[in-house]
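I opened the notebook to log what I looked up in this structure.

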Amino acid sequence: MTNPLKWITIAIDSLGSDLAAHRRWVRLLRIPSSNARHFLFPSSLAVILTGLGLAFLALGAFVWGWLAGAFSRLDAQARVILDDRDLRLARPWETPRQRLEREVEYGPECPAAPGEWGDGA
Amino acid sequence: MPCRAGRMGGWRVSTDSAGVHLDESKSRVDDIAIRLRADASSRRVALIAFATAIGWLLVGSGFGEVSSLKMHIPDLLVNEAWLTFGRVRPSHLNAMIYGWASLAMMGVSVWMMPRLLHTELRFGSLAESGIWFWNVGVVIGIAGILSGHSDGLEWLEMPRYIAVPWLIVGGGMVGVALLATLAARRAEHLYVSVWYIMAAYLWFPIIFVIGNWPAWTGVESAATNWFYAHNTLGLWLTAVSLGAAYYFIPKVLGRPVHSYQLSLLGFWTLAFFYALNGMHHLIGGPVPEWMITTSIVASGLMVIPVLAVGINHHMTMVGRFTALRYSPTLRFVVFGAMSYTAVSLQGMFTATRAVNRVTHFTQWTIAHAHVGVYGFVTFVMFGSIYYIMPRIMNREWPSARLISWHFWLVAGGLVLYVVPLSVAGVLQGLVLLDPQAPFERSVQAEMFGLVTRSVAGLVLTVGHGVFAWHFWLMTRARGAERTISPFHEVRPILFVAPESAPIAVNTVADSSGAVSVGRGGPNR
């Protein structure tokens, strides 16, 4: 059977193998090989720095959110995805008590015509 | 307050020769118009993302099944180099992670963000181009792996210089479109899903570039490799999937999430603690001991976000689990959310030295990964697509029976996959720990799990075929006369397949906010 990927292999090889490209890039970028002699934390510096970077990114976002008021009025945030209709439509799976709670909290329940009860599924 | 009945989401609609009038205030009409414009702005991009993702789901399933069979039928398909295990198995992984899961998540993100931010998708064409770029990258990457050009690093097998740039550019395009949408938001509040999704699009390019950076060699390569692989799960796949779960569960139930404070706690603890988790994959390896210990501690700290999410989702659902019988979206998403809790707790224990000593290098890890990427991420994506597609196509899913088949096949297949393989993994590990036992005994100990996995893989593949077929019918407008979704009806469908649903015509508003007669409702 002819190898169906032969042409792909040839095409990729014609671009240069990944290993060869890797070597070219390493030379081009003058990337030093990681070596225990060079680093205080052998074999882990990249992970330490990137982990710290991600933590600082999160910290920066947290501070920005705090200053921008993203953590105020949390109740309103929780309801931002729901509109009046979402809250008032009768759900067939709810118990009478749950329906009553919904009515007390959000107003008279809207009868669910076929196809509109949950607005969701 | 009077109840405003009707398909317009509480809007009483009347028309006359001059046009349409809504008996509500202008601002609330604007709310509907904004949502419609948001949906319209993202529909094409999301549809392309979903369609291509499902294509990759089928491709990945095929590779996965062949890989699984090869584990207990080692002479199967060995005459062609591209069909050997070392190429087919990474092709399965890459097709599923970068093809299926990532593209489905991009579709969900692109659709959800304009809704959540009350604005239109910015740079939609850029996002669409990004989806195509990403697809080209995955095609080249998998072709490269099959033709023997793998980079040889777990989760990073795609050729670094030929395939990866396409992914970076493509993912960047989608990310820029979402960032621009965020910048142009009209919403006063940032819902927790926005935090999750936008964080994912900031985290992923960083870890992806770090993972693929050509400088790492030797042990450091192993460290950055697992830093990348585990963070892809936690800071990319998990983040977007949790963002989707936090949207769809309250939306379908019609009640806010149990504790919004808890949802924020879950997000920020994930953001702060997750990044160092990956090193627990190198327990016993030649990396500094403190580094492994740090990773184990970080894995333990995950108990905070996991319990925060688990408790929150459970308390939102509590007393309303009957809803799972009605809503396929809820059924898939809740299954996914439960899997998230399960896989995370399992992962915490697996990260400890005592457990890892047994489970390392065994099938346990494979089963664990499938609970995460499949039971959690894929199920949430299935549920999301079941919710989003009717809004994109303005049609309902044609068949409740196909949805039911899909759910039971993939849920049953997953259980059949995970349980025996986990047991087999533990038995395999125990034998491997015995220096007197020949290696063959470990293979014999795990064999039942390998065979069961192939059967389970077949079941899952059939389930994916059902889903893909149903998706195809949906896009071809089959069953279009059915204007009310089977699962919109006020009766359960999980155990009883309904008969034909009634046909109804209702009033909808188009993307510009104008109202016309047609299918579907604007407020869905």
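My entries follow, with conventions at the start.

**Conventions.** I am working on a predicted model, where local features need pLDDT of at least 70, side-chain atom pairs count only at pLDDT 80 or more, and totals for chains, interfaces and linings use all residues. Residues are numbered from 1 along each chain as its sequence is written, chains are lettered from A and ligands numbered from 1 in the order written, and side-chain values use heavy atoms, without hydrogens and water.

**Surface.** I looked up a nonpolar surface patch of about 850 Å². Its residues are Leu49(A), Leu52(A), Phe56(A), Leu59(A), Val63(A), Trp66(A), Leu67(A) and Phe272(B). Patch residues have over 30% relative accessible area and no salt bridge, and nonpolar side chains are joined within 5 Å. A salt bridge puts a Lys or Arg side-chain nitrogen within 4 Å of an Asp or Glu carboxyl oxygen. Helix 3 (residues 45-67) of chain A gives the patch its largest share, 7 residues. Helices are DSSP runs of H or I, at least four residues, numbered from the N terminus. I checked Leu59(A), in helix 3 of chain A. Leu59(A) counts as partly exposed because its relative accessibility is 39% (buried is under 20%, exposed over 50%, partly exposed in between, with a 1.4 Å probe and protein chains only).

The largest pocket holds about 1300 Å³ of space. Of its 47 lining residues, Arg89(B), Glu154(B), Thr365(B), Ile366(B) and Ala369(B) are the closest to the centre. A pocket is an open set of points on a 1 Å grid, with protein on both sides within 12 Å along at least five of seven lines; lining residues have an atom within 4 Å of a point. Helix 12 of chain B contributes the most to this lining, 10 residues. I logged the lining as 19 nonpolar, 24 polar and 4 charged.

**Cavities.** My search of the whole structure gave 4 cavities of 30 Å³ or more. A cavity is a set of points where a 1.4 Å probe fits but cannot get out. Helix 10 of chain B gives the most, 5 residues. The lining splits into 9 nonpolar, 10 polar and no charged.

**Backbone.** Phe123(B) is not a glycine, yet has a positive phi of about 55°. Phe123(B) is exposed, at 52% relative accessibility. Phe361(B) also has a positive phi, near 65°. Phe361(B) lies in the loop between helix 11 (353-359) and helix 12 of chain B.

Technical notes. Patches are made of residues with over 30% relative accessible area and no salt bridge: like charges are joined within 9 Å, nonpolar side chains (Val, Leu, Ile, Met, Phe, Trp, Tyr) within 5 Å. Accessible areas come from the Shrake-Rupley method with a 1.4 Å probe; for residues, only the protein chains shown count as cover. Helices (H or I, at least four residues) and strands (E, at least two) are DSSP runs, numbered from the N terminus. Grid points are joined across faces, edges and corners, and a volume is the space filled by probe spheres set on the points. Ala, Val, Leu, Ile, Met, Phe, Trp, Tyr, Cys and Pro count as nonpolar, Asp, Glu, Lys and Arg as charged, and the others, Gly among them, as polar.
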